[in-house]
Each structure stands twice: as C-alpha cells, then as structure tokens.
Amino acid sequence: MLEARELSKSYGAVKALDTVSFRAVGGEVIAIVGDNGAGKSTLLKVLSGAITHDTGQLRVGGELVDFRSPHDAEQVGIEAVYQDLALVNTLDVGSNIFLGREIPRKGMAGRIGLIDRRAMRREGREALRDLLGVEFPTMRRTVEMLSGGQRQAVAIVRSASRLEQRGRGVILLDEPTAALGVAQRQRVGMLIKRLASKGHLVVIVSHDLPTVFELASRIFVMRLGRLVTELHANDSDLSTLVGLITGAIEPTDITKVVADDDATASSDINRSSRGTK
Amino acid sequence: MATADTTKVVEADDAVSAPVRALQIGRDYGIGGFFFLLLLIFSLASPTFLSGPNLLGILTAASVVSLFALAEALVVIAGAIDLSVVPIAALVGVIVALSLNAGIPVWLAVLIGLGVGFLCGLLNASVIEFMNMSSLIATLATLTTLTGVVLLITNGKPIFGVTALAPLGQGRTLGVQNPILVMIATYALVGIVMSQTKFGNRLLAVGGNAEAARRAGVRRRFYVFAPFVACGVISAGAGIVVLGRLGSAQPTFANSILFDAITAVALAGVLLSGGRGSILKVLLGSLIVATIANGLVLLRVSSFWTYVTTGLLLAVAVWADGAVSRAIERTSLSTEHRKEAARA
C-alpha cells in the first residue's frame, strides 16, 4: 500500500533523510522511532505531503506519487494527525469532525449554504462509535471541554472518517500519546488497533516506546536520517530498541529480520494521483 | 454496525464536572441575568422606566448602536477588530445625502451607500492581508483617513434637507419605529447565517484556530475578507438609518458610538477569544448599553457618568470573561488529574 524507495531530503549540508526505504500494507501498525533529529518528523512530513523529498520514490497502492502539498496526499488517501491535533477549541465535536466538508441540509436550503447540524452530530457520533469504538456523552460540547484522550479521538476520527469515504488509506499519527495519562494512553492505543483492524495502514511516530511495542507490528529505527533497522515487535525487547536508537547497539549486532511476506502491496486505494509519472 | 470487532466499545469519560458546568452556565447566561438585574434596578428606581414609550425609546436608541455592534462582532469573531465603523457610516451618510440631493432615486442611493461600505471593508481587509498589518493599526489608519475625507467632501458642514429617507428613519410600521425593525431584521439574518450556514461555521473556525481551519481545507483568505466586507456593509446600513433619522448628513459622529459598540460586543463574550460569539448576545449587549444610558438619564444622573459606567462595564466584562474561561480550564484540568489518580 505504501512504499518508499531511497527517499532523501537535505537541508543544506544536513541530510535529514538519507536513502530511506520501506514497505507497508493496510491493516498494519508500523512505528517510526529515533532520537531527536533522527529524521522521524521529516519522514512523516514527506509522507503527508507537508514537505517534498529531494530524491527517491514514493508509491501509494503501487502508483508513483509526487506530493506538492498535504492536499495531494489527502487525494490519494493519506491523512496526517499532528501533535497539535489542529482542532478548533471553540467549536463543538460535530463541527470539528466535519469542518471543511459540512453536511448540507436537504433540498433548496442546502443549496443556499444551510448546514444540517443534527446530521453532523449524528454522523460524528456514529463515526466515533463505528471507527474507534468511542461513545461520547454529548456531541454539543466544545472541544476545549474535552479531555486529552477525547480530543485525540476527535482528531483521529476526523481523519479516519475522511479515509472511510474513499475506502481504505494511510493514517499518520505524530506522537499520538504524548500528552496523555496512563488510562487515556491505553484508550488511544485501542483506537489505533481498531483502525488497523479496519484495513487502514497506521504509521505512528512516537517517543513512547512501551506503547510502540504494544501497538506496532514492525518498528523502524531511524538514526541521523537513515532507517538503520526494522524490528518485529514480538521478537525484540525494549533494551535492544533503546540501544539501537542511541547507537549503543549496531544493527549488525543483532540478527536482521527481513519481512518478505509484505511484498504483496495491496492497492486498496483508487487514486487520482496528481503528478503520477 | 459495530459488531464483531476486535476491540469493545469503550466509554469516553464525561470530562465536565459540576463546578465547571456552573462556570459555563455563568458564562453562557450571565449576560441575560445581568440585563434582567439592570431592568429590575432601574424599574425600582424610576417609575417611568418600564413604561411603553420609554422601552420603545431604549430600543430606538439601541437600534443604531446595535448595528455597529453587529458589524464589529463579525470582525471580532474572526479574530480581528475594526475601528473604522463610525467614519464608514459618516462617509456613506454624506455620499447618500449628496446622491439624493442630486436627484438620484432612493433605491439607487441606498445601493450606492451600501456599495461604498462594501468597498471600505474591502479596503480594510486588503491592507491587512496584502500589507501584512494588524487589523488594529490598519483600521486606525482607515478611521483617521476616512474622517479626513468626509470633512474634505463636506467642508466640515452638515448636509441638510435630506427628506427622502425620513420614512426609514422616522416612520413606523404597526406602531414600531422602522429603525427597530431594521435592527431586528438584520440581527435575524446575520444570526441565521452565523448559526446555520457553512459560512458561519467556517468563520467561527477561522476565528478559533485559523491554522486548523486551513488544514481542514477552508479557504482562509476568503474568511479574512468576508467579515470586514460584511462589517463595512452593515456600518453603511447604520449610516443610512442615521441619515433617515436626522434628515441631514453629519460629517462627524460621536466617537462614543464606537466605544458603545465594542462594549456591547465585549458584554456578549465575543471579545478576546475569537471564534466565539452569539449574535443574540450581541443584541443583548447593545440593549444593556442603551438601557444604562437611558436609565441614568431617567435618574437625572449627569450624562458624563454614562461614559464612566460604560467604560467600567467594558473592563469588568472583559475581565469576567477571561477569569471565567481560566477558571473553567483550571477546574477541568484538576478534575482530570483526580480522575487519572483514581484510576491508577
């Protein structure tokens, strides 16, 4: 579904991304970990179209894509949820979920720009329940009144429901558990697993290593812009991961696990990719 | 629909506790309570206050201020401010008066006036957007410039003998002064637009978090221009109503109208926050400002005290709004901590 081949991005002399290659399919949760400045965020931004890579190829569902903006990435079914969540605190949950694609009223009223708030609340509630398994007490509450976990849920469901409209896709999560307490972290973890079980590919960038182990099937370790190794969560442990991140352990020190069974990149997404070469 | 899924349905916790709810109710309904308190005090202090003619008088006085407040509110909701509403109205009054005296039909003169308001709003927004200026400074420049332009056009003298708009400014329909009806109609229209349309929803979103709105695919620039243009048109409408009431175009308006309008907006809880605003509350805010002025006159308090009261009211309203918002934030945070602790 998502395939990167030798992606590179430089800022002057600094190689933020250095020939990064990987492949992932729908239904997977993959994690990108690394120390500060390792290139995780740059990779995430390249995947979401926020920045453009210098060299290398990016394929979505087998087709070459060339993102000029986040909008291009959304067109082929890649949605990003950044750490700041990009929610409007003063609007209610329904309005936030449907911001930018408000549901019009039926008939003439809809044509002159009237929106159906009740439908937005109802469909927002259904999306939260069906996509994430979360039940909100009321959809009228403004986002500023929500807990951190609830906000995360709203931000995720907004992206996820956009993906649902077009089938399956890729959802990129930047530090999804950073601002959360223990209980809420578990809850967001469940949301992430559920998204993957729906057939989406979930990519998380996180410093929260225990959560990474719990959620991701594969963990990509980045260091100095390079993807140094890929771990399978079940046959590795936290201390190895920490060693790899800090450089205390070299990838050659451990038996490398290369997954070839992922080679069947599914093409769930029917895209109208811009800049397809 | 959620049936054979791997994860079970989890209950998201109800994050709002009783004290937060109480603070919210205070913020949401405080202005209504304050208005009734004001009515109660003045009706006890003055026997004529609650009489029909006096109440209609308050509404008539509020009709012009409330139009300016409405214009201002749209800009403030979008996270900016417009200081130039009063000279826009003055300019429009002068241009409409000159047009009428030149024999242009009423409907066309009114249309020209609203068009001038439209262009003034467009000018304000263009300066802000393309010259990268804060709305405070940009509209301060417009305020000063337009004041000068109006004085230059009129040579500082009022334009008398404008009778064509008298029905609008002085007439009555079913016993109610027409300016009051203009006020009600405008508020109803803007209220519906803000609460029921895609435009209103997106304007609130841009005011609340412009970056989030942009990322959700909202054309930000349109929502920078729209509130200023709407503000210009509504201010122009206010200028036309004033022209009709006075029968003459005044080159200068009292500055206090701007202060009253901003105070009304602040009372409505729109100011500071951006992205928040109930149109009905802006109307209530305007009524409060008009009621205080009226009540103090009835009590034979010097009109100078009206300035003092309105100024204090502005300060208290902004302070209370901020204090309540901070208290809500603090209380809900501490509640969340307690819940976390209880789970652990």
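Visitor: In which sense do strand 3 and strand 9 of chain A pair, and over how many bridges?

Guide: They pair in the parallel sense, over 4 bridges. Keep in mind that this is a predicted model.

Visitor: Which residue is the bridge partner of A:Ile30 in strand 9 of chain A?

Guide: A:Val203.

Visitor: What about strand 3 and strand 10 of chain A, how do they run?

Guide: Parallel again, joined by 5 bridges. There, A:Gly34 stands opposite A:Met222 of strand 10 in chain A.

Visitor: Is strand 3 of chain A mostly buried or exposed?

Guide: Buried. The count is 6 of the 6 residues, so strand 3 of chain A is largely enclosed by the rest of the structure.

Visitor: Which residues sit on each of its faces?

Guide: A:Val29, A:Ala31 and A:Val33 are on one side of strand 3 of chain A. A:Ile30, A:Ile32 and A:Gly34 are on the other. Both faces are covered.

Visitor: Let's zoom out. What is the strand order in the open sheet of 6 strands in chain A?

Guide: The order is 6-8-9-3-10-11, with mixed pairing. Strand 6 (78-81) and strand 11 (226-232) of chain A stand at the edges. Each has a single partner strand, so one side of each is left without a neighbour in the sheet.

Visitor: How many degrees does the twist average from one strand to the next?

Guide: 20 degrees in this sheet.

Visitor: Which helix packs on that sheet?

Guide: Helix 7 of chain A, residues 182-197. It touches strand 3 (29-34), strand 8 (170-174) and strand 9 (201-205) of chain A. The direction of helix 7 makes about 145 degrees with that of strand 9 of chain A.

Visitor: What holds strands of a sheet together in general?

Guide: Strands of a sheet pair through backbone hydrogen bonds, either parallel or antiparallel.

Visitor: Back to strands 10 and 11 of chain A. How many residues lie between them?

Guide: 2, and the two strands form a hairpin. In the turn, A:Leu224 has a positive phi of about 50 degrees.

Visitor: Now the open sheet of 4 strands in chain A. What is its order?

Guide: 2-1-4-5, with antiparallel pairing. Strand 2 (14-24) and strand 5 (63-65) of chain A are the edge strands, and each pairs on one side only. From one strand to the next, the twist averages 30 degrees.

Visitor: How many bridges join strand 1 and strand 2 of chain A?

Guide: 7, and the strands run antiparallel. Strand 1 of chain A spans residues 2-11. A:Ser10 has A:Lys15 as its bridge partner in strand 2 of chain A.

Visitor: Which helix lies across those two strands?

Guide: Helix 1 of chain A, residues 40-48. It runs at about 60 degrees to strand 2 of chain A.

Visitor: Switching to chain B. How many helices and strands are there?

Guide: 13 helices and 3 strands. The C-alpha trace of chain B spans about 80 × 55 × 40 Å along its principal axes. Chain B has 344 residues, and 44% count as buried.

Visitor: What share of its contacts join residues at least 24 apart?

Guide: 79%, among contacts in chain B between residues at least 6 apart in sequence.

Visitor: How do helix 1 and helix 12 of chain B cross?

Guide: At roughly 20 degrees, with axes that come within 10 Å. Helix 1 covers residues 18-45 of chain B, and helix 12 covers residues 279-298. They are therefore roughly parallel to each other. The crossing is left-handed.

Visitor: Which residues meet there?

Guide: From helix 1 of chain B, they include B:Phe34, B:Phe35 and B:Leu38. From helix 12 of chain B, they include B:Leu284, B:Ile288 and B:Gly295. The residues of this contact divide into 10 nonpolar, 4 polar and 1 charged.

Visitor: Last one. Where is B:Ala141?

Guide: In helix 5 of chain B, residues 135-154. B:Ala141 has 16 C-beta neighbours inside 10 Å, so it counts as partly exposed. B:Ser84 is 57 residues away from B:Ala141 in sequence, and the two are 8.4 Å apart in space, C-alpha to C-alpha.

Note on methods. Residues are numbered from 1 along each chain as its sequence is written. Chains are lettered from A and ligands numbered from 1 in the order in which they are written. This is a predicted model: local features need pLDDT of at least 70, side-chain atom pairs count only at pLDDT 80 or more; totals for chains, interfaces and linings use all residues. Two strands pair if DSSP finds at least two bridges between them. Axes are lines fitted to C-alpha atoms, for helices over the stretch in contact, and angles run from 0 to 180 degrees between N-to-C directions. Two residues are in contact if their C-beta atoms, placed from the backbone, lie within 7 Å. Angles under 35 degrees count as roughly parallel, over 145 as roughly antiparallel, 65 to 115 as roughly perpendicular and the rest as oblique. A crossing is left-handed if the near helix is turned anticlockwise from the far one by less than a right angle, and right-handed if clockwise. Ala, Val, Leu, Ile, Met, Phe, Trp, Tyr, Cys and Pro count as nonpolar, Asp, Glu, Lys and Arg as charged, and the others, Gly among them, as polar. A residue is buried if 20 or more other C-beta atoms lie within 10 Å of its own, exposed if 12 or fewer, and partly exposed in between; C-beta atoms are placed from the backbone.
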